[in-house]
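Please examine the sequence and the structure shown below. The briefing that follows is arranged by topic.

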Amino acid sequence: MKSSKTAWGLLAPTLIILGLVGLLPFIYVLYVGFHDWMIFAKVSGLVWAGVDNYRELVFDEDFLAALGRGLRFTIWTVSIQMVLGLLLAHLLMKKFKGRGFFRAIHALPLTVAPLVVGATWRLLTIPGLGPLPFYLNKIGIDYNIGWSAQQAFFTTVLMHIWHWTPFVTLTFLAGLSALPKEPFEGAMVDGANQWQIFRYIFLPMLKPVILIALFLRIMDALRIVDEVWMLTGGGPGTATRYVGIHIWRVVFPMTNYGYGSAMSVLLLYFIIVVCWLLLTVITQAKREAGT
Amino acid sequence: MKQSARRKGLKQVFLYIVWIALTLITLFPIYWMFLISARSRVELFSNRNLYQTTIFWENFVRPLFQGVYGQYVVNSLIVATGNTLLVVVLAVLAAYALSRYRVKGGQNIFFWTITNRMAPPAAFMLPLFLLYSRVLRIGDLQLYDTHIGLILVYCVFNLPFAIWLLKGIIDGIPTSLDDAARVDGASTVGIIRRIIVPLAAPGIAITALLAWIFAWNEFLFATTLTSVKARTITTGLVEFVTVVGTNWGEMAAMAIISLLPALLFLVLVQRYIIAGLTFGAVRE
């Protein structure tokens with residue numbers, strides 16, 4: 001087959017680069033995950049441990065709690081981002097005065113580095129310096145993310161939504177830009193209203209892109225580190241210590257490489273399963289709707 | 001007729017109110033960052049106003065001209081632009097292959113590419129560090145602390161993202177156009193260049209923009225895989241957090257500066273993609 005050869009030729013550079021910087025490190029992490037390896041341990045170097053790390057992990061309450069927190073964070077942020085992104089993309093598609101301006105403003109948070117987003121929000125919310133606690137206090141709301149676990153959680157959620165909704169919107173706009181115009185024109189001619197166009201043309205045609213945005217948001221939210229780390233440091237207590245931050249703490253300050261690697265592999269596996277299930281459910285639904 | 005016009009007017013007003021409210025919410029944290037960059041250390045803790053009449057220029061001048069941050073900005077520009085070019089070219093080729101050909105295991109390859117982006121970063125720093133400083137080393141030549149090293153490693157998160165986004169877009173382009181060109185004797189590369197790229201141009205522009213922003217803002221890889229020569233501006237920002245306390249003013253100032261190139265790129269791409277989005281013209 002000649003055409004298949006062409007396809008492999010087109011894929012080759014991608015596969016080589018991802019193999020080098022993606023697959024090789026993964027194999028190494030997988031290998032380390034079956035070992036005990038701590039920098040400050042009596043025995044230096046890797047010691048074979050079989051599946052001990054994984055056995056321990058399944059009953060590790062700290063890890064499971066961090067995973068649960070990460071999941072809760074992901075569900076809150078991603079669902080709100082998707083709805084907002086969809087609405088905004090729909091609104092930004094229409095022509096109105098100042099559209100370019102609003103679109104640029106809306107995308108602005110995306111240009112700020114996650115680290116800086118964390119720092120900025122910390123400066124907004126730090127008790128004694130930030131304007132948020134100061135002005136909220138004036139209207140009688142006691143706001144202190146260094147103390148209230150609930151407030152800290154929702155502040156990270158709010159920050160994440162503020163930062164990443166533009167990503168969803170832009171992804172949808174990218175998808176929209178390649179769609180044929182005829183169905184929209186046809187619907188207009190047939191006198192369909194806004195809602196019908198949105199529900200029966202916009203949504204189904206945008207489905208592949210919606211799926212992509214959903215995946216990317218889920219995986220990025222589940223493994224989040226730097227943004228939340230800058231804002232709360234994972235606190236107060238363990239309130240915002242999401243699973244990515246938990247692994248970070250095990251690998252770097254505690255230098256427990258073996259256990260950290262096992263955690264990473266398990267989390268990666270978890271994310272893959274979640275995405276695979278979503279993919280199956282959504283493509284299944286499409287097939288059923290099609291018949 | 002008159003009533004419907006009034007209703008339309010009301011709707012318009014409502015829409016503008018929504019947009020203005022959203023704009024204020026979006027801008028406020030960035031505005032606050034600007035306020036902090038314009039205040040001295042003392043002023044920072046005493047002045048709680050939401051406006052500013054003076055600018056404390058030292059926050060900008062000292063790090064940019066007396067420190068190493070100017071060089072860091074240049075490094076970031078090289079790495080982000082290099083990575084974006086590489087990613088967009090490779091992703092268009094790969095997405096086209098996955099969209100148009102029935103490759104054995106194509107679905108699995110497609111899914112595998114995205115799993116590269118799913119990995120939690122912490123544990124993957126060590127193998128990448130070893131790979132860059134020990135394994136791929138010829139004498140003094142190594143990937144550690146080089147621009148090309150960062151350009152390659154950023155493919156881990158940018159390439160899968162670009163392939164997925166572009167495949168969705170290329171899937172939307174009717175295959176009849178390819179077939180027609182093939183009948184006319186165009187090669188595969190010719191089809192990609194003359195049909196796919198122009199039609200997917202707005203999508204490619206957004207992909208490039210997002211990839212560039214991801215690369216420009218990346219922190220964890222940059223801080224692990226560079227030391228002096230290839231350090232980027234985001235790693236520089238953390239250097240303001242020191243044991244004697246954080247220099248918020250200078251950090252905010254550098255953050256503002258690091259935001260400007262991304263903003264410029266954003267505005268340029270936006271202007272370009274608006275041309276591709278023509279539904280609005282149909283709608284009115």
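In this predicted model, 82 residues of chain A are in contact with 87 residues of chain B, two residues being in contact if their C-beta atoms, placed from the backbone, lie within 7 Å. As the model is predicted, local features need pLDDT of at least 70 and side-chain atom pairs count only at pLDDT 80 or more, while totals for chains, interfaces and linings use all residues. Residues are numbered from 1 along each chain as its sequence is written, and chains are lettered from A and ligands numbered from 1 in the order in which they are written.

**The side of chain A that touches chain B**

- Helix H1 (residues 2-33) of chain A gives the most to this side, with 18 residues; helices (H or I, at least four residues) and strands (E, at least two) are DSSP runs, numbered from the N terminus.
- This side of chain A consists of 59 nonpolar, 16 polar and seven charged residues.
- In this division, Ala, Val, Leu, Ile, Met, Phe, Trp, Tyr, Cys and Pro count as nonpolar, Asp, Glu, Lys and Arg as charged, and the others, Gly among them, as polar.

**A helix pair in chain A**

- Two packed helices are described by the angle between their axes and the distance between the axes.
- For helix H7 (residues 149-177) and helix H9 (residues 194-222) of chain A, the axes come within 9 Å and cross at roughly 155°; axes are lines fitted to C-alpha atoms, for helices over the stretch in contact, and angles run from 0 to 180 degrees between N-to-C directions.
- H7(A) and H9(A) are therefore roughly antiparallel to each other, the term for angles over 145 degrees.
- Among the residues that meet are His160(A), Trp164(A) and Phe172(A) in H7(A), and Leu206(A), Ile212(A) and Arg217(A) in H9(A).
- The contact of H7(A) with H9(A) comprises nine nonpolar residues, three polar and one charged.

**Domains of chain B**

- Chain B is assigned domain 1 (1-56) and domain 2 (60-283), with bounds from an automatic or database domain assignment.
- The C-alpha centres of domain 1 and domain 2 of chain B lie 31 Å apart.
- Nine residues from domain 1 of chain B and six residues from domain 2 of chain B take part in the contact.

**A residue with positive phi in chain B**

- Most residues other than glycine have a negative phi.
- Asp145(B), however, has a positive phi, near 60°.
- Asp145(B) is found in the loop between strand E2 (141-142) and helix H7 (147-153) of chain B.
- With 16 other C-beta atoms within 10 Å, Asp145(B) is partly exposed (buried means 20 or more such atoms, exposed 12 or fewer, and partly exposed in between).

Terms used:
Angles under 35 degrees count as roughly parallel, over 145 as roughly antiparallel, 65 to 115 as roughly perpendicular and the rest as oblique.
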